[in-house]
Amino acid sequence: MVQFRFLGILMAVAIRTKKPLDLHLAPWVWKQLCCMPLSGADLEEVDLLTYRTLQGILHLENSGITADNFHVMIPLDSFMAHSADGRLVPVVPRGQNISLTFSNRTEYVERALDYRLHEMDSQVDAVREGMSTIIPVPLLSLLTAQQLEQLVCGLPEVSVEMLKKLVRYRDITENHQLIRWFWQSLKEFTNEERVLFLRFVSGRSRLPSNLADISQKFQIIKVDRVRHRFVR
């Protein structure tokens with residue numbers, strides 16, 4: 001929990017300093033940080049197999065499964081489900097002692113879905129606690145999950161057009177043939193290669209969503225060197 005709290009501090013510092021983190025979290029984590037309600041679609045986005053399994057237990061209309069053959073066809077026999085880390089855990093207190101039947105399958109699916117969606121509430125609370133030491137976290141509820149992710153992580157794509165807005169030319173113009181070759185080469189880079197270039201010239205791995213937040217641009221300088229000719 002201390003580490004999750006520290007993660008929250010880092011995220012808030014990234015917002016304050018406008019220096020994004022290259023951070024990859026499940027989409028529903030951003031929603032939880034913004035106090036947005038979760039739904040089955042959020043589980044489907046990160047764990048399709050579990051979501052489809054739960055939906056298969058719930059909707060048996062055209063499957064030929066009845067109360068008589070339910071236990072034969074459904075491989076679960078109690079209110080247990082697999083957690084995010086693969087453990088088989090009860091979805092309600094003493095769930096291992098509650099039999100899963102055809103008649104109570106709707107309740108089971110609701111409880112299992114609720115367990116998975118809120119399995120990491122305490123970790124998210126620790127992240128919010130860490131963020132609260134730097135920024136007023138009640139304001140997060142005014143943001144969407146995508147907006148918060150962009151504030152913390154910036155833009156995942158580094159395009160040539162963005163880079164052109166962050167450059168200063170010294171002793172050379174943007175119409176010079178060398179500069180045209182330079183930008184053409186960057187266009188042929190993959191996004192991962194452009195991220196490495198950005199890290200080389202600025203120390204950043206991500207660009208903020210608002211490029212105006214970057215106060216220091218990188219420079220392209222023309223250096224004239226004497227060419228030595230060697231004659232044998």
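Helices H1 and H8 are roughly perpendicular to each other, a label for angles of 65 to 115 degrees. This is a predicted model, in which local features need pLDDT of at least 70 and side-chain atom pairs count only at pLDDT 80 or more, while totals for chains, interfaces and linings use all residues. Residues are numbered from 1 along each chain as its sequence is written, and side-chain values use heavy atoms, without hydrogens and water.

Start with the two helices. H1 covers residues 2-17 and H8 covers residues 145-153. Helices here are DSSP runs (H or I, at least four residues), numbered from the N terminus. Their axes come within 7 Å and cross at roughly 80°. Each axis is a line fitted to C-alpha atoms over the stretch in contact, and angles run from 0 to 180 degrees between N-to-C directions. On the H1 side, Met 11, Ala 14 and Ile 15 meet Leu 148, Leu 151 and Val 152 of H8. Contact means heavy atoms within 4.5 Å.

H1 also reaches another helix. Its Arg 5 pairs with Glu 129 of helix H7 (residues 121-132), 124 residues apart. The two form a salt bridge, with the closest N and O atoms 3.4 Å apart. The term requires a side-chain nitrogen of Lys or Arg within 4 Å of a carboxyl oxygen of Asp or Glu. The structure holds eight salt bridges.

Now step back to the domains. Domain 1 spans 1-154 and domain 2 spans 160-221, with bounds from an automatic or database domain assignment. Their C-alpha centres lie 39 Å apart. In the contact, 10 residues of domain 1 face seven residues of domain 2. Together the domains bury about 690 Å², 51% of it on carbon and sulfur atoms. Buried area is the accessible area (1.4 Å probe) lost on being put together, summed over both parts. Lys 18, Pro 20 and Asp 22 supply 57% of the area that domain 1 buries against domain 2.

One salt bridge crosses this interface. Elsewhere in the list of pairs, Arg 206 and Asp 22 meet through their side chains in a salt bridge (3.1 Å, N to O).

Note on methods. Parallel < 35°, antiparallel > 145°, perpendicular 65-115°, else oblique. Buried area = accessible area lost by both parts, 1.4 Å probe.
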